[in-house]
Amino acid sequence: MASQIRLKLLPSAKCLLDEPVQVTVAGLRSRQVVTLRARSISEKGVVFSSSATYRADGKGEIDLNKDPSLSGSYVGVEPMGLLWSMRADALHKRFQIKNSLNPCVVKFSVLEEEGEGRILAEATNERLLIGKGVTRLPVKDGNIRGVLFTPPGEGPFPAVLDLYTLGGGLSEQRASLLASRGFVVLTIAAYGYDDMPKNIKEVRLDYFEEAMDFLKKRDKVGSKGVGILSLSKTGDVALSMASYLPGVDAVVWINGCCANTVLPLYYKKRQIHPALMFDISKVIPTESGANMCKYTMHNPLAEENQASLIPVEQAEGCFLFLASEDDLNWDSKAYMDMLVERLKRHGKKNFESVCYPGAGHYLEPPYGPYCPSSTHYILGKPVVWGGEPRTHAAAEVHMWKKIQEFFRAHLSCEATQTIAKL
């Protein structure tokens, strides 16, 4: 019986990490109830898994695109639910694959609901971080440390600088996936990577300016300016780049702040902004053992903190602000509202803003396991990130498409092509 049961992943068992797959099962008994399971291992060797109970139709078939889960890690019709609902057995674990050369391998299984849960069928989904023909070049040029991803073909292509993290390592995931969609992307770290210092006491805008200049000089880059993709703390770095440096045409700000946070900001050996700090006594412990930090930051609008506010009205490029309403790391929605109000007050219309109710702090490329809590790189302790798994997953799908549309709209290569033809 088991040999006749077929588990298929459509259109292919191999795809990019940000692409959905259709999971189907055939050859079951009419109305048979089975458990579907997904299992994957992170770069750190941590096992993540999910399971859901399904009932076959009269033909003995199940299609996750239209059939509901009856119980398990999620309920209802959720075509990619087995992926985003995967969790580790241990608390406070985040699923990460930072090196783009390592695919995310997910094993899907169909198990008998009754008895010993015998495996009836299996299929493996190889989810690639880097598309066919995309080149990956580690960069060690001047002060710059990072990785450059270039799409196949002659180009020209728009250029994006990915500030996924300020330091403590380097993640290639967003950069490699964006390059697979037709962007030249440089992802960089500012500390704690390669031969860089393990820690820093200030952020120097000169470093990011150097990275932008390096990126703009790449042969296949056709956009006049660059786009900046940020997240969390690097959101305020991206705002400062747009406000003080020429050539920043588009900024994607994801769950950041409206002020310069945690570390003072310098440019050409002069301090531009002091750091907006946090009050650690306002950290709230939760039952899971993780802490809630949403209200720890000092008020950026308070008179004593005005100098930390970034003058975004000076920016000539465009902004896409993306904020999660249930962000428990800090109050991203309030900071986005402050940015929008400031730009409107100065008569500026160079922005879009999107709010995601029910989403948490870590908005990533879609279909990865939702992370409720993990270790905070500044606190060194587990914190809750907020969000509800289903709505957070839906927000990531919308966000990833929106980011690509925004960069394509504001990083035009037409002028370069015209010059080349002349």
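**Sheet architecture and pockets of the predicted model**

Strand β17 (residues 248-254) and strand β22 (residues 318-324) run parallel and are joined by five bridges; strands are DSSP runs of E of at least two residues, helices are runs of H or I of at least four, and both are numbered from the N terminus. Within this pair, Val252 has Leu320 of β22 as its bridge partner. The structure is a predicted model, in which local features need pLDDT of at least 70 and side-chain atom pairs count only at pLDDT 80 or more, whereas totals for chains, interfaces and linings use all residues. Residues are numbered from 1 along each chain as its sequence is written, and side-chain values use heavy atoms, with hydrogens and water left out.

An open sheet of eight strands has the order β11-β12-β14-β13-β16-β17-β22-β23, with mixed pairing (two strands pair if DSSP finds at least two bridges between them). Its edge strands are β11 (135-141) and β23 (351-356). Helix α5 (residues 332-345) packs on the sheet, touching β17, β22 and β23 (contact means heavy atoms within 4.5 Å).

The second largest pocket is lined by 14 residues, with Asn143, Ala190, Met196, Arg204 and Tyr207 nearest its centre. A pocket is an open set of points on a 1 Å grid over the protein atoms alone, where a 1.4 Å probe fits, with protein on both sides within 12 Å along at least five of seven lines; lining residues have an atom within 4 Å of a point. Helix α3 contributes the most to this lining, with four residues. The largest pocket is lined by 43 residues, of which Arg94, Tyr362, Thr375, His376 and Tyr377 lie nearest its centre.

Notes
Axes fitted to C-alpha atoms, helices over the stretch in contact; angles between N-to-C directions.
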